[in-house]
Amino acid sequence: MLDPYKIREDFPILKRRFNDYPLIYFDNAATSQKPKQVIEVVKDFYENHNANVHRAVHTLSQEASELYENAHEEVAKFINAEDMEETVFVRGTTEAINLVAYAWGLYNLRKDDEVLITLMEHHSNIVPWENLSKINGFKVRYAEVNNDGTLDYEAFEKMVSNKTKLVCFSHVSNVTGVVNDVKRIVKVAHEHEALTLVDGAQSVPHLPVNVKDLDVDFLAFSGHKMLAPTGIGVLYGRRGILEKMEPFHGGGEMIREVSFDPVAKRCSISLNSLPWKFEAGTPNVCGGIGLMEAVKYLKKIGMENVESHEEMLTAYAMRRMQECKNVEIYGPKDASAKCGIIPFGINGSSSHDIALALDNYGIMIRSGFHCAQPLHQILKLQSSARASFYIYNTREEIDRFIEVLKEIA
Amino acid sequence: MANVEDYVARIEETCGEEKSLIVTFKYDRKDEVIRKILKKAKMEKSVSGIIFELMFGNASFRLYSSGKAIFRNLKDKNELKNILSSLLS
């Protein structure tokens, strides 16, 4: 069991008050708050270990390199990757997906090929494919979702064919919190020899995720949604696929040698080993170390405990929200099909009216499209208000949220 | 006419089909802003004395005691600034 009250002591920001009300932070699907352990490790890095990583012989650089490499190891273990060579550090989920698009898709997708995505995707899993299809001419196809925002698996399965080269989908919808059946989707994709890219931005922070068990080819996720600093994220890729891929960005760190041929008057380039081949330039060393600390923090709690705590909060909040007249919960009504995210609306108010009213009481939620406009179109919503939970949220906070909802609805 | 920049910290366009503009007033001037706006705009509804549904001319908006306001269906930020200028003068 997870003790949110004990956990809250680690989060300095939760002591803040707004308009004389205690902060209730329900915008965790956008970003999580940071525990003092992560804040301290970032501070300690800059105070004691800061240097550029790799290829320097001095002690500080060796310390920084070791920490940065350990961070890759820790993350690899967290998702059960084979080893650190399969975990590329990037800026976040968006960059991870773009990396796959431009380092794999650009070279492997052709005119008659298809990339299959779903209509519940975040824009970051739509735009790179639409952009790339303009260059390569392949077709982007969209698997339908049902009226409650769940994936129409039968329709999806019918859309997978031998033309499908890549299936991209979110593990957990950032709007409805719907948890997709990754294994089922991956099985169908692999039967057709298509690769799979899973957007794990809303799953890796909240559930146990095991890449070997799920059998995914790529998994993208962000550090800042799982207690780590902003600007650090991860692309997991199966080693065999990553090895065959071209680099994404070019520069230092990602090369082994750049040698000038005086006859040809050209430079020949040999690439570095994994994962550095995909980490051009000076990386976000401190972000990586912060992510390592965040992963250690989550492992100590246990991801099964994180999942069950959020399940409890979601079920409780959904039950209590039904007490509020004029409040409508969007998406599935069954909390067990979801993961810590509740989209909702109040009759006669826009999502922004709701978010501003709650903000007045120190309750922070998100409003708008949440970067998933197509899903809002399918659900026939102009926008939605979204409450999302994490390890430090409590039932008492939900009680307060309900109290205010009743007042403003 | 009031200089809007003296009172406004931030104006943000909302994300969603409803095109609204959210104004965050400067914290140290929010009480003055609220007082001035409540004096000039027509009150349609109030929730617990901290959320005010208001009209000013054809502009419909909500003002919050936290020092924020949401203006609906305006053409652009210039129209908003003109309204704010009148409200705050």
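Reader: Hi! At what angle do helix H11 and helix H14 of chain A pack, and how far apart are their axes?
Author: Helix H11 (residues 303–321) and helix H14 (residues 395–408) of chain A pack at about 20°, with axes 10 Å apart. This is a predicted model, where local features need pLDDT of at least 70, side-chain atom pairs count only at pLDDT 80 or more, and totals for chains, interfaces and linings use all residues. Residues are numbered from 1 along each chain as its sequence is written, and chains are lettered from A and ligands numbered from 1 in the order in which they are written.

Reader: How do you define helices and axes?
Author: Helices (H or I, at least four residues) and strands (E, at least two) are DSSP runs, numbered from the N terminus. Axes are lines fitted to C-alpha atoms, for helices over the stretch in contact, and angles run from 0 to 180 degrees between N-to-C directions.

Reader: Which residues of H11(A) and H14(A) make the contact?
Author: From H11(A) come A:Leu313, A:Tyr316, A:Ala317, A:Arg320 and A:Met321, and from H14(A) come A:Arg395, A:Ile398, A:Ile402 and A:Leu405. Contact means C-beta atoms, placed from the backbone, within 7 Å. Seven of these residues are nonpolar, none polar and two charged. Here Ala, Val, Leu, Ile, Met, Phe, Trp, Tyr, Cys and Pro count as nonpolar, Asp, Glu, Lys and Arg as charged, and the others, Gly among them, as polar.

Reader: And what about H2(A) with H10(A), how do their axes cross?
Author: Helix H2 (residues 36–49) and helix H10 (residues 285–301) of chain A have axes that come within 9 Å and cross at roughly 150°. That makes H2(A) roughly antiparallel to H10(A); angles under 35 degrees count as roughly parallel, over 145 as roughly antiparallel, 65 to 115 as roughly perpendicular and the rest as oblique.

Reader: Switching topic: how is chain A divided into domains?
Author: Chain A has domain 1 (39–299) and domain 2 (302–408), with bounds from an automatic or database domain assignment. Their contact takes 23 residues from domain 1 of chain A and 24 residues from domain 2 of chain A. The C-alpha centres of these two domains of chain A lie 29 Å apart.

Reader: Last one: how many residues of chain B are in contact with chain A?
Author: 17 residues of chain B are in contact with 15 residues of chain A. On chain B, strand S2 (20–25), strand S5 (59–64) and strand S6 (68–72) each supply at least two residues of the side that touches chain A. That side of chain B divides into seven nonpolar, six polar and four charged residues.

Technical notes:
Two residues are in contact if their C-beta atoms, placed from the backbone, lie within 7 Å.
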